[in-house]
Amino acid sequence: MIYLKTDEEIELLRESNLLVGKTLGEVAKHIRPGCTTKQLDKIAEQFIRDHGAVPGFLGYGGFPGTLCTSVNEQVVHGIPGGYVLQEGDIISVDCGVLKNGFYGDSAYTFCVGEVKSEVAALLKTTKESLYLGIEMAVEGKRIGDIGFSIQQYCESKGYSVVREMIGHGVGKNLHEEPEVPNYGKRGSGVKLKSGMVIAIEPMINSGDKKIVMEKDGWTVRTKDHKPSAHFEHTVAVKEGKADILSSFESVEKVLGIHAV
């Protein structure tokens, strides 16, 4: 069942998603060599609670963290812990909050200090593909149009698209229908309607698309141990142009780069 949101519900979803963006901005201030992923997690949890919300991921399905912190070849769902960030690492930080009964969900992949040019290029392409996918999130298009645009762009640059991990609907539940793959055929899948709220989250590998699950039962990494990047926005489907409910503005202010 796909739940269409009212305008009032979309504004509540916007509030939750903007808090996720501000939380990622707070975390961004501390991403540097020598910081542990657990330290980032504590900063995020405190910030979310200080703003009248609760962490959306903590305890979800038994997940032990506020953030998913996925470093280098880790694709998604990395558990915060004692890992110390190193110069040249990349780290995907995925964050969710629950406020006023609605979830927010967004992710950003950060560079730790200076990274190799080919790794920076992977991040750039992944982020660009997110916005290409969002351009398709309009009334009358189909889910396959989103995945097709992401897949075509990333594969044209020589990267691969993870198949098993996908985007999803967002609302009173963190994961709702419809599923939103980052690959697909143009004109296929569920027809998009105004009021749908979906998380679009390309997970793009620099090498092969194959992934494996780590022994912790959560962390997903690339099979070939090559880097992977992940960016995510929650958007409301509208007529003509999607409404991006989350924001990278706080993050990119900290990083000193122009927000898209």
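I call a residue buried when its relative accessible area is under 20%, exposed when that figure is over 50%, and partly exposed in between. I also kept in mind that this is a predicted model.

**Entry 1: salt bridges**

I began with the charged pairs, and the count came to 12 salt bridges. I looked up Lys5 and Glu176, whose side chains meet in a salt bridge at 2.8 Å, N to O. This pair links distant parts of the chain: Lys5 is in the segment before helix 1, Glu176 is in strand 8 (residues 176-180), and 171 residues separate the two. Are these two residues buried or exposed? I found Lys5 buried, and Glu176 buried as well.

Next I went to Glu252 and Lys127, which form a salt bridge with an N to O distance of 2.5 Å. Glu252 belongs to helix 5 and Lys127 to helix 3, so this pair ties together parts that are 125 residues apart in sequence. Why do I list both as buried? Glu252 counts as buried because its relative accessibility is 1%, and Lys127 because its value is 13%; the cut-off is under 20%.

I then checked Lys210 and Asp208, which form a salt bridge with their closest N and O atoms 3.8 Å apart. Lys210 is partly exposed at 46% relative accessible area, and Asp208 is partly exposed at 34%. I also noted a network: Glu11, Arg14, Lys238 and Asp243 are joined by salt bridges that share partners.

**Entry 2: Ile10 and its surroundings**

I looked up Ile10 in helix 1 (residues 7-28). Ile10 is at 2% relative accessibility, so I count this residue as buried. What does Ile10 contact, leaving aside its neighbours within four places in sequence? My list holds Lys5, Gly195, Val197, Ala236, Lys238 and Leu245.

I turned to an open sheet of three strands, in the order 6-10-13 with antiparallel pairing. Strand 6 (160-161) and strand 13 (228-230) stand at the edges with a single partner strand each, so one side of each has no neighbour in the sheet. How many bridges join strand 10 to strand 13? I found three, with strand 10 spanning residues 203-205. Within this pairing, Met203 stands opposite His230 in strand 13. Helix 3 (residues 117-135) packs on the sheet and touches strand 10 and strand 13, its direction making about 35° with that of strand 13. Helix 3 is also where I had found Lys127.

**Entry 3: at the surface**

I finished with a nonpolar patch on the surface formed by Val254, Leu255 and Ile257, which together have about 210 Å² of accessible area. Ile257 lies in the segment after helix 5 (249-255), and is partly exposed at 40% relative accessible area. I made one last stop at Gln46 in helix 2 (residues 37-50), which counts as partly exposed at 47%. From the C-alpha of Gln46 to that of Gly82 I noted 18 Å, with the two residues 36 apart along the chain.

Note on methods
Residues numbered from 1 in each chain as written. Predicted model: local features only at pLDDT ≥ 70, side-chain atom pairs only at ≥ 80, totals over all residues. Heavy atoms only, no water. Patch = residues over 30% accessible without salt bridge, like charges linked within 9 Å, V, L, I, M, F, W, Y side chains within 5 Å. Areas by Shrake-Rupley, 256 points an atom, 1.4 Å probe, with all protein chains shown as cover. Salt bridge = Lys/Arg side-chain N within 4 Å of Asp/Glu carboxyl O. Helix = DSSP H or I, 4+ residues; strand = E, 2+ residues; numbered from the N terminus. Buried < 20%, exposed > 50% of the residue type's maximum accessible area, 1.4 Å probe, protein only. Contact = heavy atoms within 4.5 Å. Pairing = 2+ DSSP bridges. Axes fitted to C-alpha atoms, helices over the stretch in contact; angles between N-to-C directions.
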